Amino acid sequence: MNNTTNTRKVALITGVTGQDGAYLSELLLSKGYMVHGIKRRTSLFNTDRIDHLYQDPHSENCNFKLHFGDMTDSMNLTKIIQETQPDEIYNLAAMSHVKVSFDIPEYTANADGIGTLRILEAVRLLGMEKKTKIYQASTSELYGLVQAVPQSETTPFYPRSPYAVAKMYAYWITVNYREAYGIYACNGILFNHESPLRGETFVTRKITRAVSKIALGLQNTLYMGNLDAKRDWGHAKDYVEAMYLILQQDEPSDYVIATGVTTKVRDFISLAFAEVGFNLRFEGEGVDEVGILDSINYQLVADSLEVSEYKVKIGDVLVKVDPTYFRPTEVELLIGDPSKSNKVLGWKPKYNLESLVKEMVKADVALFKKDLDLIKSGHQVLLQEE
Ligand code: NDP
Ligand code: GDR
């Protein structure tokens, strides 16, 4: 062991294989941390987002190490915390899909709610209350049914899904362990944040994937749920900076992380199609609402896609509403008030919605161009969407 090894900070990230886990790992490694991550055992590799960070665990200088674990297994979590002795734990692991939480509510409560308790209780039982700081991945979904806007740290919660109710338990148990045992434990109440690494079934990524495939002639129609929902969308890269800052303060506290700008799902769709040169017009209402191709900016299409034949023509219906994607109870409007994090943490996002959409569409176009090349050379490619 050399001096660097002795003095560097140690972080443990649950949910390291997820969108935020990947960006946070990159950030902490760039700051010289030893990063431990918890990954689940899966029948196929699930480390795509962090493969570029892999290091040989046998190497003396290895500063990124993965451990098998699960939020539903207390003994496993306690053992990992004992072995790794983290200065900071970032609890990002969760069944994070709101719609799916209606299908698997008990599992969601276990992983997202009780899972958080397992982390806090492990730190307490191991006597690490004064050593280990804990970040809890709380969410704007806590606000649910609109009580007031913009939503801040003092806005009342009204969760509207099994996911949000589980996260509400996690929020309060974090506050309770802070107050009861003096643990430096904080909630980051993060509004929606996206990136090219976003899971494929969240709305932004579903849209940017579909836009890219439609533009490349690999898909005809994008089927959507509620087009009127409004979200405060930021970039995950900006939001993991906030997570880090929340654990670097003198006193633990809870923070809203948001851009303060809200946008309808339908407008995100229009922005994404505009990136490939397609202008949409929406007609109808509710399940009859469709997005029709109104005009094509051929210059842009040619620049961004480098294809010579377009399968779409003006008047084509590119977007349809499918009630399958409606939620039993919906969160209609989210818009965050980031004043506290701006002031106390000095946190300000670097990305805006336009730059986020641009980056996501560009990445997905590049991804599907590879599939197109494979298809052209006679290979079978699975192009399934949800
Ligand atoms: P992702 O869905 O991309 O990642 C979730 C991570 O949790 C994955 O690594 C997943 O593993 C892991 N995981 C799921 N269930 C378990 C389990 N039982 N045991 C261990 N690990 C598990 O989410 P994000 O990165 O987008 O979000 C990170 C956290 O922030 C989540 O808690 C989410 O609820 C919360 N959040 C997210 C927001 C957003 O807009 N992205 C906003 C506010 C809060 P695997 O890869 O194997 O599936
Ligand atoms: P959300 O994100 O539920 O806000 O949770 P999602 O992207 O799934 O939905 C956003 C809004 O879009 C509407 N919508 C659709 N959503 C999906 N997934 N698929 C569709 O086809 C579709 N059509 C319309 C939804 O109804 C909703 O109103 C995300 C997750 O990352 C959570 O883990 C996190 O806590 C919150 O953001 C903040």
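**Exercise 1.** Decide whether Gln-85 is buried, partly exposed or exposed.

*Solution.* Start with the rule: a residue is buried if 20 or more other C-beta atoms, placed from the backbone, lie within 10 Å of its own, exposed if 12 or fewer, and partly exposed in between. Next, take the count: Gln-85 has 13 C-beta neighbours inside 10 Å, so it is partly exposed. Helices (H or I, at least four residues) and strands (E, at least two) are DSSP runs, numbered from the N terminus.

A note before you go on: this is a predicted model, where local features need pLDDT of at least 70, side-chain atom pairs count only at pLDDT 80 or more, and totals for chains, interfaces and linings use all residues. Residues are numbered from 1 along each chain as its sequence is written, while chains are lettered from A and ligands numbered from 1 in the order in which they are written.

**Exercise 2.** Work out how many residues of H7 are buried.

*Solution.* Begin with its extent: helix H7 covers residues 203-215. Then check burial: 13 of the 13 residues are buried, so H7 is largely enclosed by the rest of the structure. Last, see what follows H7: Gly-217, with a positive phi near 80°.

Technical notes:
The expected span of a helix is 1.5 Å times one less than its number of residues.
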